[in-house]
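Subject: Handing over a structure, with notes on what was found

Dear colleague,

Please find below the structure that I am passing on to you, followed by my notes on it.

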Amino acid sequence: MVEGQTEPAVDRVWRRYDRRQRLIRYAVVLAVMMAVVWAVRDIDIFWPWVWDAPNQISNLGARMWPPDPTRLGAIVAAMLETVHIATLATMLTIFIALPVSYIAAQNTTPNRACLWLGRFILVASRSVNTIIWALLFVAIFGPGVLAGILAIMFRSVGFIGKLMGEAIEEIDKRPVEAMEATGASKAKIIAYAVVPQVMPAFFAIIILRWDINIRESTVLGLVGAGGIGVILQGAIDTFAWPTVATILIAIIALVLIGEALTSLLRRKVL
Amino acid sequence: MLEISGLTKRYGQDAPVLTGLDLTVEGNSIIAIVGASGAGKSTMLRCINRLVEPTSGSIRLNGHELVDLKGAELRRARRRIGMVFQGFNLIDRLTVMENVLAGRLGYVNLFQAVTRRYPASDIERAFQLMERVDIAHYANKRADELSGGERQRVGVVRALMQEPEVLLADEPTASLDPRTSEQIMMLLQSLASELSLPVLINIHNVGQAKTYTERIVGLRHGRMIFDGLPDDFTHDALEAVYGGIEASDESIAPAAKRQREVPHEPF
Amino acid sequence: MNRSETPRTWRKPPFIANPWLRYGILAVTATYLVWAFATLPFNWQRIAEGLPRSARIFGGGFPPNFSRADLLLTGFVESLQIAILATLLGVALSIPFAIMAARNIAPLPVYLLGRAVIIVSRSFHPVIVAILFVAAVGFGPLAGILTLTLYSIGFVGKLLAEEIEEIDWGQVEAIRAAGAGYLATLCYAVFPQILPRQVGLSMYQLDSNLRASAVVGIVGAGGIGSTLMNAFGRYDYDFAFAILLVIIAVILVSEGISGWVRKRLW
């Protein structure tokens with residue numbers, strides 16, 4: 001950017017970026033454009049439908065209005081079921097996620113084999129989406145809340161385990177050293193120097209995951225794994241659009257209540 | 001009696017941090033170990049309770065060899081060696097009493113430790129020691145609510161709860177302001193004579209070393225180059241220990257409390 | 001303080017000081033657990049069949065069958081296309097919504113509207129949005145693109161709005177002082193401050209959308225998810241497991257690339 005300084009004034013040009021930066025920028029822009037052009041041309045879309053889409057969407061919206069509250073009782077019951085699935089699954093996950101995070105943290109893992117086993121569990125759990133887990137468990141245990149609870153659990157283990165593992169790895173090592181110096185065994189060192197330090201992170205992570213799980217459990221029913229999704233699927237299948245609208249409003253209400261509750265808990269506990 | 005002989009520590013193939021150290025500490029003497037940063041003071045103390053594994057040599061506490069101990073035997077030996085740290089090394093989120101009782105972890109069983117149901121005698125001893133150093137009224141306060149000097153007194157009481165046969169102090173005053181650090185040194189001095197306990201103190205401050213201790217050991221590049229009375233620690237000896245070495249400030253940085261950014265998980 | 005009165009027994013002070021609150025919380029938790037387990041409809045008879053069924057499923061799933069690789073590839077290419085287009089649309093559209101939802105540069109009514117859009121699009125799980133779009137515009141990738149565009153607007157818009165609310169206001173004043181209008185101020189004082197973050201977010205969102213596109217397909221919104229759903233529907237477990245394995249591999253690779261790019265950028 002300073003190359004023009006010793007040259008005559010007429011040759012001075014100002015550029016925002018130097019040559020190499022500019023080339024990289026052009027290359028990135030070009031690559032993005034090529035990707036987009038390829039995606040647009042190659043994708044399996046019937047374009048007249050696209051132009052008709054706003055029409056269709058507003059049509060659907062019109063059919064939903066006004067929301068029909070006649071099935072409110074059933075919807076509220078299904079909502080409670082949804083919350084139960086999320087809460088129970090989050091609670092149960094703790095018992096699996098804590099040992100996994102313990103063996104997946106560099107500084108507490110008993111040995112390398114355990115470390116890799118722990119990491120494998122975390123990666124496997126995190127890479128499969130809740131709804132895919134649900135699909136699998138519905139196939140095994142049949143439609144119902146058990147499949148939903150298991151699906152939420154299997155996904156949450158990775159989330160909670162990974163964040164807890166990181167929290168364990170980031171603790172202050174000095175109390176650990178002090179506990180070692182008193183002649184404490186490994187279990188006692190964990191109880192005194194590790195557990196108190198990760199407590200705040202633990203609560204924050206559980207609360208965060210509970211909030212996420214509430215959202216996740218609203219869709220479990222779409223593959224038959226219990227909760228509000230079952231009713232939603234039923235209403236859509238029978239074209240009961242006003243009922244669908246009521247369910248959607250109920251979901252927004254649930255999610256907002258969940259968010260308010262988690263921020264309250266966060267303030268109280270932490 | 002603590003007898004160290006031929007103590008050597010080297011990390012990998014690097015030059016040794018400690019070379020052939022011999023030191024005998026008897027009775028209730030209080031000893032200062034002085035030396036520049038990196039002279040091996042800290043490593044030496046940590047070799048004694050085996051927080052650092054010595055490469056070779058022998059360390060005997062009241063006739064028992066410490067160097068070849070393993071597992072439960074090592075932990076039993078550590079109970080008899082109290083340690084006070086530069087950064088206090090308290091468990092911030094626990095109460096002062098829990099921190100103090102943690103000194104008994106080598107004695108109680110896991111159930112007692114986890115449920116905090118310590119024997120009455122331990123609790124009595126904790127109160128007595130805390131009263132001795134004037135922190136008993138903080139028993140149920142969280143450790144991080146205390147000032148630096150008070151925190152270090154908790155650290156000292158925790159070490160004394162072990163009923164140690166020797167007390168190690170690794171730069172116990174380096175994180176404290178001058179007045180508080182004088183108080184801690186005075187406390188260590190009087191505790192050593194009250195409990196007739198040998199005390200080894202790593203210390204930077206030569207003035208304090210001469211005032212509060214009975215014997216000074218000078219380390220340089222892992223070798224002992226001075227061992228004598230404080231009055232004999234003359235300017236020449238000071239030059240020999242510290243000369244030509246840039247004095248570096250060995251203050252401990254506050255534990256980095258990183259705000260964790262909670263990642264957005266795709267639903 | 002009178003030392004002789006110091007209590008000689010000691011109990012750890014309870015985590016919650018008020019005993020009513022403490023036992024109240026315990027009682028409420030216990031009641032909740034009993035209530036939840038009592039009301040949840042478990043079909044134990046069907047669950048009991050689970051073990052033999054899982055044996056059959058996993059037996060049928062191993063070894064995973066990669067013979068229909070072309071179908072697998074088509075599904076993934078479609079997922080990738082959905083993710084790219086939705087990210088582009090979503091990131092572009094998130095800018096106006098973020099401006100609307102930033103309290104420091106939007107008037108109150110506009111702010112409320114912007115916030116409402118973001119809150120609504122964040123409240124719904126993409127799968128629910130997808131099922132609605134499938135109902136509106138039919139099966140296929142179009143529903144997927146619309147879903148993930150909305151999803152991206154919600155997520156990127158929220159973070160971007162927060163970013164705009166935290167910009168250095170001095171730069172805005174400087175540009176205004178130079179006589180710039182609203183649009184020019186946005187271009188010169190606001191966008192340069194949020195652009196680096198926006199590029200990083202786009203990478204993140206591409207990764208997110210790729211994961212999500214595998215899922216919205218389950219309700220018919222195109223991509224590999226639809227392929228997976230079909231395989232499950234036809235009890236074609238060996239192909240389903242092959243798809244699952246490839247999904248996991250792609251997600252790991254995509255996470256790695258996105259993390260690497262973001263590290264380079266910041």
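A residue is called buried here if 20 or more other C-beta atoms lie within 10 Å of its own, and exposed if 12 or fewer do. Please also keep in mind that this is a predicted model.

With that cut-off in hand, Gly59(C) counts as exposed, because it has 10 C-beta neighbours inside 10 Å. Gly59(C) belongs to helix 3 of chain C, which covers residues 50–61. In sequence Gly59(C) is 178 residues away from Tyr237(C), yet in space their C-alpha atoms are 8.8 Å apart.

Next come the contacts that chain A makes. Towards chain C, the contact takes 42 residues from chain A and 40 residues from chain C. Several helices of chain A each supply at least two residues of the side that touches chain C, among them helix 1 (19–42), helix 3 (72–104), helix 6 (145–169) and helix 10 (241–269). Sorted by class, that side of chain A has 29 nonpolar, 8 polar and 5 charged residues.

Towards chain B, 27 residues of chain A are in contact with 28 residues of chain B. Helix 7 (173–181) and helix 8 of chain A each supply at least two residues of the side of chain A that touches chain B, and the largest share of that side, 13 residues, comes from helix 8 of chain A. By class, the side of chain A that touches chain B has 15 nonpolar, 4 polar and 8 charged residues.

Chain B itself has 9 helices and 10 strands. Its C-alpha trace spans about 60 × 55 × 40 Å along the principal axes, and its radius of gyration of 19 Å agrees with the value near 18 Å that a compact globule of 267 residues would have. Buried residues make up 46% of the 267 residues in chain B. Of the contacts in chain B between residues at least 6 apart in sequence, 68% join residues at least 24 apart.

Within chain B, the axes of helix 6 (residues 148–161) and helix 7 (residues 178–194) come within 10 Å and cross at roughly 20°, which makes helix 6 of chain B roughly parallel to helix 7 of chain B. The crossing of these two helices of chain B is right-handed. Helix 6 of chain B takes part in the contact through residues including Gly148(B), Gln152(B) and Val156(B), and helix 7 of chain B through residues including Thr180(B), Ile184(B) and Leu187(B). The residues of this contact divide into 3 nonpolar, 5 polar and 1 charged.

Finally, there are some points of backbone geometry. Most residues other than glycine have a negative phi, and most peptide bonds are trans. Against that background, Asn62(B), although not a glycine, has a positive phi of about 50°, and Glu171(B) likewise has a positive phi, near 50°. Asn62(B) is found in the loop between strand 4 (56–61) and strand 5 (64–65) of chain B, whereas Glu171(B) lies in the loop between strand 7 (166–170) and helix 7 of chain B. Are these residues buried or exposed? Asn62(B) counts as exposed, because it has 10 C-beta neighbours inside 10 Å, while Glu171(B) is buried, with 24 other C-beta atoms within 10 Å. In chain A, a cis peptide bond with omega of about -5° joins Trp65(A) and Pro66(A), and Pro66(A) lies in the loop between helix 2 and helix 3 of chain A.

With best wishes

How values were computed. Residues are numbered from 1 along each chain as its sequence is written. Chains are lettered from A and ligands numbered from 1 in the order in which they are written. This is a predicted model: local features need pLDDT of at least 70, side-chain atom pairs count only at pLDDT 80 or more; totals for chains, interfaces and linings use all residues. Two residues are in contact if their C-beta atoms, placed from the backbone, lie within 7 Å. Helices (H or I, at least four residues) and strands (E, at least two) are DSSP runs, numbered from the N terminus. Ala, Val, Leu, Ile, Met, Phe, Trp, Tyr, Cys and Pro count as nonpolar, Asp, Glu, Lys and Arg as charged, and the others, Gly among them, as polar. The radius of gyration is taken over C-alpha atoms; the globule rule is 2.2 Å times the number of residues to the power 0.38. Axes are lines fitted to C-alpha atoms, for helices over the stretch in contact, and angles run from 0 to 180 degrees between N-to-C directions. Angles under 35 degrees count as roughly parallel, over 145 as roughly antiparallel, 65 to 115 as roughly perpendicular and the rest as oblique. A crossing is left-handed if the near helix is turned anticlockwise from the far one by less than a right angle, and right-handed if clockwise.
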